[in-house]
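Let's take a walk through this model together, with an eye on its aromatic rings. Have the sequence and the 3D view ready.

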Amino acid sequence: IDSRYRTKPDAANTAIMGSSRGGLMALYLALEYPEVFSSAGCLSTHFVVDVPWFESLENGPTKSPTARFYFDYGTNEKPESKYPEFTARMVALVRRWGWKEGRDFTVFEDVGADHSEQAWRARAHRALEFMFTKTPR
């Protein structure tokens, strides 16, 4: 991308975003490669996956967390998946790491939204605005 388009390739200007399991991958990549990504958008993230790496976050990230995170979910997501509950668990983790809501992360509850590309498209602008708004750390 950087060789083809006019970009600012440094981490401060590079973000990643995904939905469902893609949101989990965005979280992973931003935490594991802070020299590449300064923020991640995690839309309707499938935090319920039993992944050893995710479970290891209970003890804190392996690298110093520097990325900012946008988390969201819809209230009409698949009921069996418990998106609000598991998003709350992720938020509790980042708070324990010392991150501040509004500065280091934000959470958006989309009332009535389901687990679909249409729902994610409707709120992707929120993630982009949060990820690319510079805030003092």
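Start with F71, which is buried because its relative accessible area is 0% (buried means under 20%, exposed over 50%, partly exposed in between, with a 1.4 Å probe and protein chains only). Bear in mind that this is a predicted model, where local features need pLDDT of at least 70, side-chain atom pairs count only at pLDDT 80 or more, and totals for chains, interfaces and linings use all residues. Residues are numbered from 1 along each chain as its sequence is written, and side-chain values use heavy atoms, leaving out hydrogens and water.

Now look for partners. The whole structure holds 5 aromatic pairs, counting rings of Phe, Tyr and Trp (its six-membered ring) with centres within 6.5 Å; planes under 30 degrees apart are stacked, over 60 edge-to-face, and the rest tilted. F71 and F47 have ring centres 5.9 Å apart and planes at 70°, so they sit edge-to-face. F47 is buried too, at 2% relative accessibility.

Another edge-to-face pair is W97 with W99, at 5.2 Å centre to centre and 90° between the planes. W97 is buried at 17% relative accessible area, and W99 is buried at 6%.

The charged end of R68 sits over the ring of F130, 4.0 Å from its centre (NZ of Lys or CZ of Arg must be within 6 Å of the ring centre and within 35 degrees of the ring normal). R126 lies over the face of F108, at 3.8 Å from the ring centre.
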